[in-house]
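Me: Could you walk me through this structure? I am new to it and would like to begin with a sheet.

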Amino acid sequence: MLTYIIRRFLLALLTIWAISVLAFAIIQLPPGDYVTAYIAQLASSGVDVTPEFAENLRQQYGLDSPIWVQYLKWMEQISRGNFGRSLEWRAPVLDMIGDRLWLTMAVSVSAVLFTWGLALPIGIYSAVRQYSIADYIFTFIGFIGLAVPSFLLALILLYLGFRYFDANIGGLFSPEYQMADWSLGKLWDLIKHLPLPAIILGMAGTAQLIRIMRANLLDELRKPYVITARAKGMSEFRLILKYPVRAALNPFVSTLGYLFPFIISGSIIVALVLSLPTIGPLLLRSLVAQDMFLAGTIVLFLGIMTVLGTFISDILLMWVDPRIRFERRE
Amino acid sequence: MANRLMNGNEPPPILTVDKLKTYFFTDEGTVKAVDGASFAVRPGKTVGIVGESGCGKSVSAMSILRIVDDPGRIVAGEILFQRADDAEPVDLAKLDAEGNEIRAIRGGEIALVFQEPMTSFSPHYTIGNQIVETIQLHQDVGKAEARNRTIELLRMVGIPRPERRIDEYPFELSGGLRQRVMIAMALSCNPKILIADEPTTALDVTTQAQILDLLREIQERTQMSVIIITHDMGVIAEMADDVIVMYLGRVVESGPVDEIFHQPKHPYTQALLRSIPSIFAEPRTKLPTIAGSIPHPHNRPAGCPFHPRCAEFMPGKCDRHEPQLRPVSASQLASCFLYHEPDI
Amino acid sequence: MTQSTGERGAFDSQFDHASITTAAEERVSVATQWQLMWWRFRKHRLAMISGMVIAAFYLVALGADFLAYADPHKTEAFRSLIAPQPVHFFDEGRFRPYVFGLVGKRDPRTFKRVYEPDPEQKIALRLFAEGYEYKFLGLFKTNRHLIGVDGGAAEEAIFLLGTDQLGRDLWSRMMIACRLSLTIGLAGVTLSLVLGVLLGGISGLYGGAIDTLIQRVIEILRSIPTIPLWMGLAAAMPRDWGVVQVYFAITVILSLIGWTDLARVVRGRFLALREEDFVLAAELAGVSQMRIILRHMVPSFLSHIIAATTLALPNMIISETALSFLGLGLRPPAVSWGVLLQDAQNIQTVAISPWLLSAALPVIVVILAFNFLGDGLRDAADPYG
């Protein structure tokens, strides 16, 4: 059990490291370097830049040393909390990210909760009442959810809301709270606005999980232990919840690890369509403007968030499956 | 009809199955898994149901417990079960399959032991959890009391160190031990009838003998009735008092175990007995087998279902008319035109 | 033959029942694996229909220029944002499709150009009309198109799905977009198939440290959110790259992540098959490892690979659409469904001209069809199951 947690934890660390390399690569990829861009920016705003100043900057960022030294320097700066400056916004990267990271988290987590809360009961119902009308309807909705990419769904809903309800369904806050400081009222406002993006983000995942749950449960329902339990005289409802659902939960939980990155991924582009004040639109802007420190940092943060979510889901899986607790692998 | 087996001074049977028909309605057609089976179970005795795979023995057992899965359904017949000694028997076939009465009988008065000890337990709960649950379903006892009883049961079925084993998961036990646990669970509510569906098929030979001994020993102690379902004539010879031979969903012959083994009447029973390997046989002689194979369930032969494979096939009779289960001796019934003429 | 009929007749009558039942069974037992799969696949009506839909889409991609009627790249400020226009099929009781001519006016209050049908002006449509010049299948030059108008240019008369902001005909652009959108998925899947089969095969075949290493890499790749990563990589593409360069770069980016699923399938099959009796039997018979893999193992999991590949395709298409939608994927003048949807990014524009969303429809249909087809293939892939 402990070795399992340790193994998962080490893997998480390894993943974070891999992500940091990728983030660094993203910062490095565009032609030219940060200092050249920064100096050009300063010059354009009328500041006189001496060659010494440029040279100092270069040394500070280690731009004249080999690439791996630059990576280490970048990591060192990060460990001190210095993520560099955003060229476009002329502000420290951290200030730019600010609340957006937490809002991204809030949207993603509520999408995961929505996905689970819906997929579990529907999956069970669809399996137990296989080929019923409701099963067909859920299957159909599931396929639609699978086939419509979340950003298209957002776009279509946005259009419908605009056209028929004359309401802008985008955003995470009402206008009066948009610029306000955090307060209970603002929190409540956020909670009221969360369901829609959560549903849009969760649709595809929900559809997938319903199918997984239904298929697993159908398999489990045919297992002899279900007949054993039935032969004991248990009521059907209790029986299904206690035995086959419990067994079908395992593969279900294990998908959480992949659901989370999937949802974070989707949230980037959905946030853009719904103009949510999350990290997505900022990332896109920074990429388009080649504001690479900002972009790299965002990719790094998103990656770390995902790894944390995956780690938590692994722990959850261990709690659910006695075979993992006993360190028996299939 | 089955009552003819009984002498006047014997107690009435505890379970009477009469002309039971359980059909499966699939897309490809109707499968008549059980097609008019009749038999009786005497109190305290063992009935062996024997036949090749697919003959409807397991479905008969499932029908008694009313746990036949979709798309299967009991379409006709009676299953009369004597709940208390003085009351009228209940017809299990008429009960609501998910109702309270049948659920009280399932596991409480009629218990089932399964052929698959590997998969008959859920791997997610300890064996103790699964037995305690059964006890608490049928008896009004607390958790501690149920747990103590479970330990006693495990000890009774010969599990070593039951107070430790009770908290183990099924995948930690060997096949033989698991089958013992299964029997313990079936016995947990002192059932009147124990149905054992191929209880030893998945076990190795020495373990098989132990499990059969255990079943017999328990039966002597508790005086319950046992229905043992098997394709193994050896198990029948060792365990059964009465034998029912099934073929394609029908009972082709029934009677006391001695008569069935020494004077088999139906050609199918005769063929089954011939195909048992014997230590008295000449070395290197070929073991007789039954010609042909069981017909596909959608393609039942007309007339007597056994006639395409029968050595005594009488053209014009067996392939046209259906034989009925009729007395062929003082205690035996058989369904064959060798012993009665077709009703026109 | 005539000699033996008498004997056979007697024989048959005795074993009548047995022979009837075994005829069907025998057909099954002598069938090849691919026949079994085909029989099983045929039963999946939805998968069959989906297969045909996909085939139809690829046919459209082949003959896109023929199906288009207006030059997809020609802009015209005077035809900006024209609404889709209905086609009338019957003219005075006879089948003679026509459309009304449009009259552009300026709204006196908003000063926006609006177009109104002029009932006086019926423009007859005709098949195989002449239009802009193109190379059919890249082979020979022609200017025939499926539909057009008598005399005059189709660009000025037909607007089946309306026009975009720059006055380009949406129907024609949708036809052309099939090409890039449908092939970029294929190219991406092919590339990730190569990677997946190679790495998954190595992983499953050799096991041990190599397997652990590849599995860890897959786990890491799968736990990284893909879209930000893609965005980062795509944004790093030099601005001056041409359509073809961007196309291949996007393919590589998509397949860099996409191979992991396929690798898992291949590895899983290898691990399962390694334990199979027939592989052991072949090993004991002294068959070389290469031959065991090619002759015994590959045929028994090829079908699984095909199914997994089919299921991977829609993800590629979604990803391309998403990237292009963000402006980080294919860029104009390339035309793909994602590029077309870029115009629909702004909700104000969409609210006024909802037809700009129409490129969403083929995306949804193709993804659905690939999913159904993949499901059917996956079920059929295990003909003995």
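Me: Before we go on, how should I read the model and its numbering?

Reply: This is a predicted model, in which local features need pLDDT of at least 70 and side-chain atom pairs count only at pLDDT 80 or more, while totals for chains, interfaces and linings use all residues. Residues are numbered from 1 along each chain as its sequence is written, and chains are lettered from A and ligands numbered from 1 in the order in which they are written.

Me: Which residue is the bridge partner of C:Tyr98 in β3(C)?

Reply: The partner of C:Tyr98 is C:Ala124.

Me: And how many bridges join β1(C) to β2(C)?

Reply: Three bridges join them, and the two strands run antiparallel. C:Asp91 stands opposite C:Arg94 of β2(C). The hairpin of β1(C) and β2(C) has two residues between the strands, and C:Glu92 takes a positive phi near 50° there.

Me: In what order do the strands of the open sheet in chain C come?

Reply: The order of the four strands is β1-β2-β3-β4, with antiparallel pairing. β1 (88-91) and β4 (140-149) of chain C stand at the edges with a single partner strand each, so one side of each is left without a neighbour in the sheet. On average, neighbouring strands of this sheet are turned by 50° against each other, direction ignored; the axes are lines fitted to C-alpha atoms, for helices over the stretch in contact, and angles run from 0 to 180 degrees between N-to-C directions.

Me: Where is C:Pro108, and is it buried or exposed?

Reply: C:Pro108 is found in the loop between β2 and β3 of chain C. This proline is exposed, with 6 other C-beta atoms within 10 Å. A residue is buried if 20 or more other C-beta atoms lie within 10 Å of its own, exposed if 12 or fewer, and partly exposed in between, with C-beta atoms placed from the backbone. C:Pro108 and C:Ala157 are 49 residues apart along the chain, and 25 Å separate their C-alpha atoms.

Me: Let us turn to helices. What is the reach of α7 of chain C?

Reply: Helix α7 (residues 208-222) of chain C has 15 residues and reaches 21 Å from its first C-alpha to its last, close to the 21 Å expected at 1.5 Å a residue. The expected span is 1.5 Å times one less than the number of residues.

Me: Which residues of α7(C) are buried?

Reply: C:Ile218, C:Ile220 and C:Leu221 are buried. Seen down the axis of α7(C), its buried residues fall within an arc of 165°, so they line one face of the helix; the arc is that of the directions from the helix axis to the C-beta atoms. On the other side of α7(C), C:Gly208, C:Ala209 and C:Thr212 are exposed.

Me: What do the buried residues of α7(C) pack against?

Reply: They pack against α1 (2-28) of chain A together with α9 (243-274) of chain C. Contact here requires the C-beta atoms of two residues, placed from the backbone, to lie within 7 Å.

Me: How is chain C divided into domains?

Reply: The domain assignment gives domain 1 (86-158) and domain 2 (173-381); such bounds come from an automatic or database domain assignment. The centres of these two domains of chain C, taken over C-alpha atoms, are separated by 39 Å. The secondary structure of chain C comes to 14 helices and four strands.

Me: What about chain A? Which helix holds A:Pro197?

Reply: The secondary structure of chain A comes to 17 helices and two strands, and 41% of its 330 residues count as buried. A:Pro197 lies in helix α10 (residues 195-221) of chain A. With 29 C-beta neighbours inside 10 Å, A:Pro197 counts as buried. Leaving aside neighbours within four places in sequence, A:Pro197 is in contact with A:Val107, A:Val270, A:Leu274 and A:Leu276.

Me: Last one: where is B:Val34?

Reply: B:Val34 is in strand β2 (residues 29-41) of chain B, and is buried, with 31 other C-beta atoms within 10 Å. B:Val34 and B:Arg250 are 216 residues apart in sequence and 6.4 Å apart in space, C-alpha to C-alpha.

Definitions and conventions
Two strands pair if DSSP finds at least two bridges between them.
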